[in-house]
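Dear colleague,

I am passing on the structure below, and my notes on it follow directly after. Please read them alongside the coordinates.

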Amino acid sequence: MSNDQLTSTETESTDDQPAPTPGTDSLTDSVDPDEGATPTAERTILEARDLSVYYGEEQALDGVDIEIPEKQVTAVIGPSGCGKSTFLRCINRMNDLVDAARVEGELLFDGKNVYDEDVDPVALRRKIGMVFQSPNPFPKSIRDNVAYGLKVQGKDENVDEQVRKALERAALLEEVEDQLDSSGLDLSGGQQQRLCIARAIAPDPDVILMDEPASALDPVATSKIEDLIEDLAEEYTVVIVTHNMQQAARISDKTAVFLTGGELVEFDDTDKIFENPEHDRVEDYITGKFG
Ligand SMILES: Nc1ncnc2c1ncn2[C@@H]1O[C@H](COP(=O)(O)OP(=O)(O)OP(=O)(O)O)[C@@H](O)[C@H]1O
């Protein structure tokens, strides 16, 4: 990795739901993706090592160790307050925006600790995009919403073509191609969320983090988002927090189960977690005995 490429003069958003960060080639270009890789089909793209997070005195994550494979869907499940969102927000350093938050341990992205002093969080967030619970399009046209990240990066050649490609990847193009200049806010909730996904993927990040992306949507819109997430994993690594265990079972390859106290209790293939988990506490949780 070139440390120079990690410095940025851009201003970081401090909104609760900041603008999604467009992709860039800057963060990991000089990292050999195969360096240290084991000769298996799965390559680890994200790894937490003894990762703990505190908000003031309160511990929200407790010594999490996990290796998340590339180009798969990893679901993060667990009862309310167990640290799911905190974990997700560690991955692209969104917790930096919370004054009280303190992170210990390591979070490696392609082998580089994102908490190293030389990592620019803005550059990081270009490689690791985020989609939030409530659709949050900008009050701009559909075209400008998707083009936003491209323009910020100076990728402004063939913008229209790139916008259409992102909308197509987000399974939205067919529905909006005659209204690209209409406001993104005029779309339905499900369409707005797919617009936000198009905005996140337009700059071609490596990882897309999703924090309950379908929880505000009706069943039909949810089903479209779920289909889309499975398709996206052909090209991107997706890490999704969901309260919906059926959704995790339907769309994810791997599932991480966090339980109270911010402990990652089990991480395995989704089928294994739902059919034959190792831990009684996980079984109790997924069979609805608590949580
Ligand atoms: N900004 C914050 N300041 C202080 N404490 C926080 C903050 N964000 C989260 N916490 C605390 O950290 C713990 C983990 O919260 P987090 O939102 O990560 O859990 P979660 O599993 O995503 O919860 P939910 O499913 O309800 O969204 C909780 O006890 C929460 O109150």
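D110 sits in the loop between β4 (101-109) and β5, where helices (H or I, at least four residues) and strands (E, at least two) are DSSP runs numbered from the N terminus. Although D110 is not a glycine, its phi is positive, about 50 degrees. D110 counts as buried because it has 23 C-beta neighbours inside 10 Å; a residue is called buried if 20 or more other C-beta atoms lie within 10 Å of its own, exposed if 12 or fewer, and partly exposed in between, with C-beta atoms placed from the backbone.

Please keep in mind that this is a predicted model, in which local features need pLDDT of at least 70 and side-chain atom pairs count only at pLDDT 80 or more, while totals for chains, interfaces and linings use all residues. Residues are numbered from 1 along each chain as its sequence is written.

D204, in the loop between α6 and β7 (207-211), is not a glycine either, and has a positive phi of about 65 degrees. With 22 C-beta neighbours inside 10 Å, D204 counts as buried.

Y115 lies in the loop between β5 (112-113) and α2 (121-127), and it counts as partly exposed because it has 18 C-beta neighbours inside 10 Å. Leaving out residues up to four places away in sequence, Y115 touches V103, E106 and L107, contact here being C-beta atoms, placed from the backbone, within 7 Å. The C-alpha atoms of Y115 and E226, which are 111 residues apart along the chain, are separated by 31 Å.

As to the protein overall, there are ten helices and ten strands, and buried residues make up 44% of its 291 residues. Among the contacts between residues at least 6 apart in sequence, 72% join residues at least 24 apart. An unreviewed UniProt entry lists residues 46-286 as "domain: ABC transporter"; such positions are given in the numbering used here, feature names are shortened, and annotations may be inferred rather than shown by experiment. That span is 37% helix and 27% strand, and its end C-alpha atoms lie 25 Å apart.

Apart from neighbours within four places in sequence, I208 is in contact with G129, V131, A200, I201, L232, Y236 and V238.

In helix α4 (residues 159-169), the buried residues are V163, A166, L167 and R169. Seen down the axis of α4, these residues fall within an arc of 160 degrees, so they line one face of the helix, the arc being that of the directions from the helix axis to the C-beta atoms. The buried residues pack against α3 (142-152), α5 (173-176) and α6, whereas the face turned away from them carries the exposed residues D160 and E161. After α4 comes A171, whose phi is positive, near 55 degrees.

Finally, the ligand is surrounded by 14 residues, the closest being Y55, A60, S80, S85 and T86; a residue is near a molecule if its C-beta atom, placed from the backbone, lies within 6 Å of it. β2 (58-69) and α1 (84-91) each supply at least two residues of this shell, and the largest share, three residues, comes from α1.

With best regards

Notes: Two residues are in contact if their C-beta atoms, placed from the backbone, lie within 7 Å.
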